[in-house]
Structures are given as structure tokens and as C-alpha cells.
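Hi everyone, thanks for coming.

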Amino acid sequence: MLRLHDTALGTIVPLELRDPGRLSMYVCGPTVSGEPHVGHGRFNVVWDVVCRYLTWSGLDVRFVSNVTDVEDKIIARAAAEGRSAEDVAAHYEKVWWDTMARLGVERPTESPHATAYIRDMVDLISELIERGHAYVGGDGVYFASESVEGYGLLALQPLESLRAGARVEVAEEAGKRSPIDFVLWKAAKPGEPSWESPWGPGRPGWHTECVVMSLDLLGDGFDLHGGGQDLAFPHHENERAQALGVGRPFARRWVHSGMVVADSGEKMSKSLGNTLSLLELLDAHDPRAFRLQVLQSHYRSPMTIGESSLAANERSIDRLDIFAREFAGARASDPDPAALERFRERMDDDLDTPNAVAGAFDLLRQARAATGQRGQALAAAVFVIFEDALGLALQDQVAGVPPEALAMAHARDEARAAKDWARADALRSELQAEGWIVEDGPDGTTIRK
RNA sequence: GGCGGCGUGGCCGAGUGGUUUAGGCAAGGGCCUGCAAAGCCCUGUACAGCGGUUCGAUUCCGCUCGCCGCCUCCA
């Protein structure tokens, strides 16, 4: 069974499934207020790998990830661009899914929208007020953080230091009882999108949607809640507090993935404005190079990504594709069981993809060195590991070779057969000038980009 | 200030109290090749610094230096 680092426990523990054979997992999804940056890319590849690996391992994985389609930044952009908030959200959600598809990230089982759950959120907030965990403040409804047991669990800090770090001025302005209280319902200002509620027109705070949707779609005590490390506090802390407030068992495990850092060493974030566009990066490089980069770093470590690392990884991808072409037939073979077992051991150890990938590269060399069935079985394991378990598709065909280039390759074969080296070399130079890599194999000249 | 984490060979990036090497990329040498490419083989004697524990530490402990995250919207 997969063992992962649990933020609340501070240790690596095995998953404990609520229902044997089935994994229920919730990961906080995007706020669709702009284009995704590379941090989003890493984050989604990580959770996609968790899903794929567990599915491959034989679990029935139910993966829910929300789309926050009402939020301050969306409203701000809509106002700035003179269009509706719905319009902005719909546009960037499409960009989001398109980009994820390019990264080879599969759609979650369900991706609920915050706006579809307003009613449920209002109900949850009402119940929190009834139970004495929430109150009406200056410009909305607030959650009384100190009213629930163990607030600070995911922040890994005692209540006292959280209180010390909070911004008191803001709290007083909003009419909070404690500076660490957070908003559940924001009263609408004129012109803002709003929904009716017992506390007047407004919109939910962003912590509530995840509580309502995860419990609705996955049920009480679901197995795993994931997110970026920056969400552990306050976002996940506040989700947990609300579930606790209405007496419902929440996530059994909390797992957080590491940040992408800029060359400066600082975290890439919207607020620092140092994000790298994921779209531009995917335009310039094979998206699989990005995925490989993510796989070759541990999911909890900070990751740097840039032109040079992607270029290096494109080389690695080339090598993998060359291997795939050489061993295309091995896909039909049974993968070597021992090889898959070693892979599982590494993956189960807190999702050690760097080691798992290292092992796969070793297998690749072994497959070439081995002969007959054994080589095929080892190669089959390489395919299964990269493609089925890690979601990195290998290409065993060179696609999109134009007929003219193909004709030149044939002409080169003829020249070589006639030992006309001058002509053969000239043809090769011509092809290379057009960006083709020319290789002579037992079956003649093959070309690739 | 509080809490958490990091510092590995040219680069990226794992791991471990000592015997044999992570892995990838790059580099050098060789084999193969008409020449190449691809592939294969070999090579680099790395673990921030200073102490301590130990028969032995990159790995454990302490300190120092440097860097980062969270405490505020952010994956």
C-alpha cells in the first residue's frame, strides 16, 4: 500500500482506505482567474501521478477536484476587462483544462463548481451559526476559529502563535471576535456577483466550497485530501475546522505537494509576480519533458524549472522514444514481475518517483542487454511503468514526416547501397539542414526531429 | 519573532552509519559505423563549515554560515 507523508501527523504513514479497494481523494483545484503557471503544472502532474499509480495498482479511484468560479480576482478581472465574472471564469476554465490535457493530466472523476454549491454552503454556514461556531460580523459571517478543538493542526502551530501572527487591524475593521477568525460569507458590494442568504446578498468565502463539495461527493471520512503546501494553512485548516464544527469526520490523510521555485530560489507565486507561464513553456518544449522533470524531483521538495532543465529532459525523452521504437513489439509481452515489484516498492515509499524513474532507466539498459523473451519482458515493464503508472507516453512512431524528406531518405539508402558516399553524405547534410536527425540502421535510413 | 524545511560531483536530483554504483543531462576515452547518428563499455574520487558521538559519518548529535516556506490571496 502507498505510504505518504501526512502533514497533520508529520510522518509517513500508509493510506487507510475507508472502503477496501476504493480510494476517495479530494484535491483543491484552480481558481479560474487567469492562465496557469508552472506551479500549477507541477501540482497537477503530481496528483495525476498519484491517481494513475493507484488506479494502476488496482484501486478504484474516485478523485474530486473543485473549480473555484467565484472569487475576488475573477471579479476584479471582469471589472477591469468590462465583461462578466461568469465569462472570465468560463474562459480561464477552458484554458485550464486544455493546458492540463497537453500535460497529459487526466480529468478528475468530478470537478464541481463553487457556484453550483452556493445553496449547500449557505446551509453549512447556517448550521455553523446554530452550533455556535460562526457569527455575523461587520461585513459578513465569520468562523470562530478558537471554538473548535485543535485549530492549528495543519499550521503545525499552537493557537497562541497563530493569534500572535494575525493582522489585528484588519480583524478589528471586519468586526472579528478573534484575529484568526475567517470569513464564511462576504456581503456583496454594489455590482458584485451575489446570491441571496439569511445574511443578505453576498458570496461564500473560499474555504467553505471545498468542505461542502468533498463531503457531498466523497462522503464523511474520505481517504485523502491533497493540495499545495501553501494551502495547508489557512485553507485546509479552515476546511477542517468547518467540518469539525458541524460534527462530520473529514479527511483521513492530509498530503501536500511542494512549490515550484524561481531561479532566485523564491517560491513562484501570483503575489510575487514571478510566475513562469505554463502555456509559453509548453509551446516551446515537449510537454513530456516537463512531466519528466516533475517525476525526477520528489513531490514534497521545492522544484526549480527552466529552459536548461527542460532542454536536458527533452534529450532524455528522445532516448525514451528511440527505445520505444526499438522495442515497440514488446508492448504485447508480459512485463517482468520483479521489475514491477521494485517499481512498486519505490513508489509506495512516499511516492519516490525520482528513484522509480531511475529504476526504469536501468531497466531500459537491461532490456537492451538481455536477449529474447527476457529483453521483451524488461522492455514491457519500461512501457508499463512510464505509460500506465506514470502517465508519460512514449512514441514508437515518428509522426509527421513529409514525403519529400522520406524520398530523400530512400535516395540516401540507394546511394549507400551503391557506395556513393559523396551523394549519401550530401543527402544527409540536406536533411540535417532541415532539422532532421539522420540515423542509419539495419533497415536503412530513418529520420526524426 | 514563532513554527517547519533545505544546503550532495559541471548542472538537475535520489539515497545511505562502513563493503559495489543512485538515475538523468553534459564532458572525456573506447567499441561499433564507409563517415556519422543511435547504442554499448569505461572515466569523474560529491556530500556547506566547525566540533562531538563512533572502530568508522555524507548519513546520528550540537553549533555556525547560507537559503527557503508558512504565520496574508496563492498549487
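Predicted model: local features only at pLDDT ≥ 70, side-chain atom pairs only at ≥ 80, totals over all residues.

Okay, now the RNA. How many residues surround RNA strand B? There are 64, and the closest are Gly39, Gly165, Gly228, Ser269 and Ser271. If you sort that surface by class, you get 26 nonpolar, 22 polar and 16 charged residues. The element that gives the most to it is helix α13, residues 353-369, with seven residues.

Next, a pair of helices. Take α1, residues 38-56, and α10, residues 287-295: their axes come within 10 Å and cross at roughly 70°. So α1 is roughly perpendicular to α10. On the α1 side, the contact is made by Gly41, Arg42, Val45 and Val46, and α10 brings in Phe290, Arg291 and Val294. By class, that's four nonpolar, one polar and two charged residues.

Last stop, a sheet. Four strands make an open sheet, ordered β5-β6-β7-β8, with antiparallel pairing. Which strands sit at the edges? Those are β5 (134-136) and β8 (202-204), each pairing on one side only. From one strand to the next, the twist averages 20°.

Zoom in on β6, residues 140-143, and β7, residues 182-187: four bridges join these antiparallel strands. You can find glycine 140 opposite lysine 186 of β7.

Note on methods
Residues numbered from 1 in each chain as written. Chains lettered and ligands numbered in written order. Near = placed C-beta within 6 Å. Helix = DSSP H or I, 4+ residues; strand = E, 2+ residues; numbered from the N terminus. Nonpolar A, V, L, I, M, F, W, Y, C, P; charged D, E, K, R; others polar. Axes fitted to C-alpha atoms, helices over the stretch in contact; angles between N-to-C directions. Parallel < 35°, antiparallel > 145°, perpendicular 65-115°, else oblique. Contact = placed C-beta atoms within 7 Å. Pairing = 2+ DSSP bridges.
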